[in-house]
Amino acid sequence: MASRTAPVLDTRALNRATLARQLLLSRAEMSARDAVAHLLGLQAQNVKPPYYQLHARLAGFRPTELAGLMESREVVRMVTMRSTIHTHTAEDALTLRPLVQAARDREVNQFRKGLVGVDLDRLALDARAFVEAEPRTMGEIREELLKEWPDADPQSLSVAARCLLPLVQVTPRGVWGRSGQVRLTTVENWLRRPAGKTRSVGKAQGVREARGTGTREAQAAGEAQGVDDVVLRYLGAFGPASVKDMQTWAGLTRLKESFERLRPRLLTFRDENGVELFDLPDAPRPDAGTTAPPRFLPEFDNLLLSHADRSRVIAPELKGRTWTGNQAHRVLLLDGFLGGLWTADAGVLTVELFGPASRALKEEIVAEGESLLADMADSPAGTSTGKDAGTGAGTDAGTGEDVGTGAGTAASTVAVRFGSIRG
């Protein structure tokens, strides 16, 4: 619990501070590579969301920029935080993946019944040799491992290989305008660079176990420093935040000791519920009245997934509205908060609002939507980007009012309409 003397940040203040860190108050003049690093990666459960995430955040972004980084191996797709796929810079792929290894080990342990008799060290060695010979599909990895352990559960073997090895999805998978089956190799093999030393949170926090030799103490100190560095970066991208917030983002536990080590270097606040929040002294904390323009975000945007308390972006009454069953929806931010959903199909962007909107606000939404579709139609060598981009014309399906404001420009053929996207 935070000290009662710590300043209180209300929901709007937290919202504006978080949007500023997330580059969502105004588009940043920043390269795609630098943005991926600043944000500690982009959620990438599907192929296209990372591109939409950057469009919402960067001035002048076009899909070809991130696609080029994928093809030049400056960024990669791999399982890291929360055991989900992220797009990371090469440097972060080599260092953040070891950070979460303890969590991946625990994940393997959940499948131990299907791994009876399996030597996990041997499995890791065999799987590494197999995928480093050439990139393989998960099905191929599973079949190879079944040769050695035919009585094991096939799914458990797949989970063990995915968790024990730092596997990346090789291109063309993840490249805008191209398609490709998911094929995997190790991050070290793909980047031709060694991974950083394991800085597992479980080990970094277990400094007590490192007593006995100077070497072990030095190693433990280095591991703790690695965790502390990530805490500072997390606050720079998602703060102000609580210990539980960061643990939610990372899918880890036992981070409190790191925050305590860093406390002398940090500012502390509390939210309206009295929860202690930490922040970097020089990080932006804009006035709560700062304007927040409409922003179209993809499904699984980390803005929505990286805090234990999501009320800084999602009002309590809208909790659960970003999902239907197990399907996540793309979301629209209005005044910095969840305000609706959207889809794009055959060049028509449909917006479903959760509340009334003035004509002026609808015009802002339309302008942002037209920009999104026009900019994301930029694809390599004229390759079609599929149903997520294109141009067309139309009217508002819900009200009949004409939409589309780009008269006399290329955007004039883009259709943005307001209606239901959930039937």
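Two strands pair if DSSP finds at least two bridges between them. Helices (H or I, at least four residues) and strands (E, at least two) are DSSP runs, numbered from the N terminus. By that rule, strand E4 (residues 167-169) and E5 pair in the antiparallel sense over 3 bridges. Val168 has Thr185 in E5 as its bridge partner.

This is a predicted model, in which local features need pLDDT of at least 70 and side-chain atom pairs count only at pLDDT 80 or more, while totals for chains, interfaces and linings use all residues. Residues are numbered from 1 along each chain as its sequence is written, and side-chain values use heavy atoms, with hydrogens and water left out.

Now widen the view to the sheet. It is open and has 5 strands, in the order E1-E3-E2-E4-E5, with antiparallel pairing. Its edges are strand E1 (42-43) and strand E5 (184-186), and each pairs on one side only. Helix H7 (residues 120-133) packs on this sheet and touches E4 and E5. Contact here means heavy atoms within 4.5 Å. The direction of H7 makes about 115 degrees with that of E5. Axes are lines fitted to C-alpha atoms, for helices over the stretch in contact, and angles run from 0 to 180 degrees between N-to-C directions. In the loop between E4 and E5 sits Pro172. The peptide bond from Thr171 to Pro172 is cis, with omega near 15 degrees.

H7 has a helix partner too. H7 and helix H8 (residues 138-148) pack at an angle of about 135 degrees, their axes 10 Å apart. That makes H7 oblique to H8. Angles under 35 degrees count as roughly parallel, over 145 as roughly antiparallel, 65 to 115 as roughly perpendicular and the rest as oblique. Residues of H7, including Arg122, Asp126 and Phe130, meet residues of H8, among them Glu140, Ile141 and Leu145.

Next come the cores. A nonpolar core is a set of buried Ala, Val, Leu, Ile, Met, Phe, Trp, Tyr and Cys residues joined through side-chain atoms within 4.5 Å. Buried means under 20% relative accessible area, exposed over 50%, partly exposed in between (1.4 Å probe, protein chains only). The largest core has 33 residues, of which Tyr51, Leu54, Leu58, Phe296, Leu349 and Val351 touch the most other members. Helix H15 (359-376) is one of the elements that each supply at least two residues. H15 gives the most, with 5 residues. A second, separate core of 27 residues includes Val231, Leu235, Val243 and Leu255.

Gly369 lies in helix H15. Gly369 is buried, at 0% relative accessible area. Leaving out residues up to four places away in sequence, Gly369 touches Phe296, Leu349 and Val416.

Asp245 is in helix H13 (residues 243-250). Asp245 is buried, with a relative accessible area of 4%. Beyond four places in sequence, its contacts include Tyr234, His307 and Arg312. The loop between helix H12 (214-238) and H13 holds Pro240. The peptide bond from Gly239 to Pro240 is cis, with omega near -10 degrees.

Last, two leucines. Most residues other than glycine have a negative phi, and most peptide bonds are trans. Leu23 has a positive phi, near 65 degrees, and lies in the loop between helix H1 (11-21) and H2. At 10% relative accessibility, Leu23 counts as buried. Leu40 also has a positive phi, near 55 degrees, and is found in the loop between H2 and E1. Leu40 is buried, with a relative accessible area of 0%.
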